[in-house]
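Visitor: I would like to learn how to read a model of this kind, feature by feature. Where shall we begin?

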Amino acid sequence: MDSKASTVAPTQSKPKEKDFLNHLEAFLAKRDGVDKLLKISRYATKIILASSVLPETVPLTRRLKSFESSVGLSRKAFRLGKFVQDVNALRNSHLDSKQEIFLSIIAYGGEGLYYFVEQFIWLAKSGLIDAKHSRNLQKLSAWAEFIGYIGSISLKFRDLKRINEDEACLNSSIEIAVSRGVGCKEEEEERRKKLREKKLMKKLSIVQDLADVLMALADILDGKGRFSDPLVVSCAGLLSALISTHKNWVSC
């Protein structure tokens, strides 16, 4: 009797999805993972306080203010030594033009200075450094953050342009292959899928930077002006936190 097993085509096993708890463990093991969860908690609390949902006289309002302040201080501790990643990012960048060099210095230099100054703000708020320096440090930190994000947004728009060009080139190649009756290869479809995912993440990253720019601008203006409304700034902070959390979760 002939065996039926010999006529059955081998089935391709699907890649096993990562276990949720293992993924969560990897996410929480990252400094940025815990920091972004704290950021979500802080700005969700700030939205509640800024929206005046709770009266000032309610004890819960005082607890939420205390919680928001404590989380804000805790987040600064996560920035210890974080400026080193910007130094290394600048060192390892492959830059093709003077414009890219200039924008990279602004982006990584601004963000690196921001994280460096944030260490001293944490020490001032913790009581180790005289609190009289805190205001000047915060102003310097806000300007460094603002300038850094302007450079970062400019670089990401350039990256987005390159991704669009690569996608257009790939789509053209696929259309030519289909018109010749060759068909679209699985590798090309997979590459197109990855390009689209990369483009989406880049767009989300730009939105996140714009939200952070708004918050930095509010700090520079000391809460004055139309862009410094507490509810608007808090919503921008929560949006930034959610996008950043998603990016960190995907990268785990």
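Visitor: With which residue does Lys-36 form a salt bridge, and how far apart are the closest N and O atoms?

Guide: This is a predicted model, and every value here is computed from it. The partner of Lys-36 is Asp-35, with 3.4 Å between the closest N and O atoms.

Visitor: Are these two residues buried or exposed?

Guide: To read burial, compare the relative accessible area with the 20% cut-off, under which a residue counts as buried. Lys-36 has 8%, so it is buried. Asp-35 is buried as well, at 3%.

Visitor: How many salt bridges does the structure have?

Guide: The count is 18. One of them joins Arg-162 to Glu-100, where the closest N and O atoms are 2.1 Å apart. Arg-162 is partly exposed at 33% relative accessibility, while Glu-100 is buried at 7%.

Visitor: How should I read a helix, taking α8 as the case?

Guide: Begin with its span. Helix α8 covers residues 230-251, 22 residues in total, and reaches 31 Å from its first C-alpha to its last, close to the expected 32 Å. Then look at which residues are buried. An α-helix has 3.6 residues a turn, so residues three or four places apart point the same way. The buried residues of α8 include Val-233, Ala-236, Gly-237, Ser-240, Ala-241, Ser-244 and Asn-248.

Visitor: What covers the buried residues of α8?

Guide: The cover includes α1 (20-29), α2 (31-50) and α7 (186-220).

Visitor: How many aromatic pairs does a search of the whole structure find?

Guide: It finds 6. Among them is the pair of Tyr-114 and Tyr-115, which is tilted, with 5.1 Å centre to centre and 50° between the planes. Tyr-114 is buried at 9% relative accessibility, and Tyr-115 is buried with a relative accessible area of 9%. Elsewhere, ring pairs link Phe-20, Phe-27 and Trp-249 into a cluster.

Visitor: Where does the charged end of Arg-42 sit?

Guide: It sits over the ring of Tyr-43, 5.6 Å from the ring centre.

Visitor: How many helices and strands make up the secondary structure of the chain?

Guide: There are 8 helices and 0 strands. The radius of gyration is 24 Å, well over the 18 Å that the globule rule gives for 252 residues, so the chain is more spread out than a compact globule. The C-alpha trace spans about 85 × 55 × 35 Å along its principal axes.

Terms used:
Residues numbered from 1 in each chain as written. Predicted model: local features only at pLDDT ≥ 70, side-chain atom pairs only at ≥ 80, totals over all residues. Heavy atoms only, no water. Phe/Tyr/Trp six-rings, centres within 6.5 Å; stacked < 30°, edge-to-face > 60°. Buried < 20%, exposed > 50% of the residue type's maximum accessible area, 1.4 Å probe, protein only. Lys NZ or Arg CZ within 6 Å of the ring centre and 35° of its normal. Helix = DSSP H or I, 4+ residues; strand = E, 2+ residues; numbered from the N terminus. Expected span 1.5 Å × (residues − 1). Contact = heavy atoms within 4.5 Å. Salt bridge = Lys/Arg side-chain N within 4 Å of Asp/Glu carboxyl O. Rg over C-alpha atoms; globule rule 2.2 N^0.38 Å.
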